[in-house]
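Trainee: Please pick a single part of this model and take me through it closely. I would like the packing, the neighbours and the loop that follows, in one connected account.

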Amino acid sequence: MKALLLSLESWTTRVAMALACLMLAIASTLGVFQIITRFVLEQPAEWSEVLIRFSLIWMVFLGIPMAFRQGAMVSVDALYRAVPTGAKRVLDLVVALAALALMLVILWWGYDYAVRGSVQSMAGLESLSMFWAYVAMPVGALFSILGIVANYLDPRRMELETAQ
């Protein structure tokens with residue numbers, strides 16, 4: 001069961017990270033497009049600004065699961081180094097439970113917020129519902145939950161290895 005969960009998490013985190021990178025590329029491309037249309041052509045495209053924001057929101061929420069998986073999101077380095085070896089696993093559990101609680105809140109209220117926002121349209125893109133921007137929160141939370149559980153089962157502690 002552990003191997004299956006870790007395999008699923010590995011796949012979902014890679015997909016989430018690839019999508020986060022794609023969202024960064026889209027935001028960058030649209031930013032260059034916006035500069036060209038605004039300052040060179042003097043015909044700004046108002047929709048590009050909205051899509052930049054939209055893609056940055058998705059980038060952040062799809063990138064968070066990788067940070068959780070690497071153990072780099074909730075930094076308790078000083079406390080982790082101060083506790084005895086036997087208590088480190090208890091500290092891992094406390095950190096994982098706190099992060100899970102936060103992600104469950106984001107999942108629950110993020111979905112509620114997305115559903116409530118579905119009646120709104122994006123300024124500049126009236127045909128697109130705000131649901132698609134807001135749903136990034138629960139989607140990111142779902143991916144993050146897998147990353148948190150996987151990091152508890154198979155800790156990587158990437159932040160401790162790179163700390164100076």
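Mentor: Start with a term. A helix crossing is called left-handed if the near helix is turned anticlockwise from the far one by less than a right angle, and right-handed if it is turned clockwise. Keep that in mind for the helix at the start of the chain. Note also that this is a predicted model.

First, the setting. The protein chain has seven helices and two strands. Read along the sequence, the order is α-α-α-α-β-β-α-α-α. The part to look at is H1, which covers residues 2-40.

Take its partner H6 first, residues 136-153. The axes of H1 and H6 lie 9 Å apart, and the two helices pack at about 135°. An angle over 145 degrees would count as roughly antiparallel. H1 and H6 are therefore oblique to each other. Their crossing is left-handed. Which residues make the contact between H1 and H6? From H1 come Lys2, Leu5, Leu6, Leu8, Glu9, Thr12 and Ala16. From H6 come Phe143, Leu146, Gly147, Val149, Ala150 and Leu153. By class, that contact splits into nine nonpolar, two polar and two charged residues.

Now turn to H2, residues 46-69. Its axis and that of H1 come within 7 Å, crossing at roughly 155°. That makes H1 roughly antiparallel to H2. H1 passes H2 in a left-handed crossing as well. The contact of H1 with H2 has 20 nonpolar residues, six polar and four charged.

Between H1 and H2 runs a loop, and Glu42 lies in it. Look at its backbone. Most residues other than glycine have a negative phi. Glu42 is not a glycine, yet its phi is positive, about 55°. Is the residue buried or exposed? The cut-off for exposed is over 50% relative accessible area. At 62% relative accessibility, Glu42 counts as exposed.

Step back to the whole chain. The C-alpha trace spans about 65 × 35 × 30 Å along its principal axes. The radius of gyration is 19 Å, whereas a compact globule of 164 residues would have one near 15 Å. Buried residues make up 35% of the 164. Among contacts with a separation of 6 or more, 70% join residues 24 or more positions apart.

Methods. Residues are numbered from 1 along each chain as its sequence is written. This is a predicted model: local features need pLDDT of at least 70, side-chain atom pairs count only at pLDDT 80 or more; totals for chains, interfaces and linings use all residues. Side-chain values use heavy atoms; hydrogens and water are left out. Axes are lines fitted to C-alpha atoms, for helices over the stretch in contact, and angles run from 0 to 180 degrees between N-to-C directions. Helices (H or I, at least four residues) and strands (E, at least two) are DSSP runs, numbered from the N terminus. Angles under 35 degrees count as roughly parallel, over 145 as roughly antiparallel, 65 to 115 as roughly perpendicular and the rest as oblique. Ala, Val, Leu, Ile, Met, Phe, Trp, Tyr, Cys and Pro count as nonpolar, Asp, Glu, Lys and Arg as charged, and the others, Gly among them, as polar. Contact means heavy atoms within 4.5 Å. The radius of gyration is taken over C-alpha atoms; the globule rule is 2.2 Å times the number of residues to the power 0.38. Buried means under 20% relative accessible area, exposed over 50%, partly exposed in between (1.4 Å probe, protein chains only).
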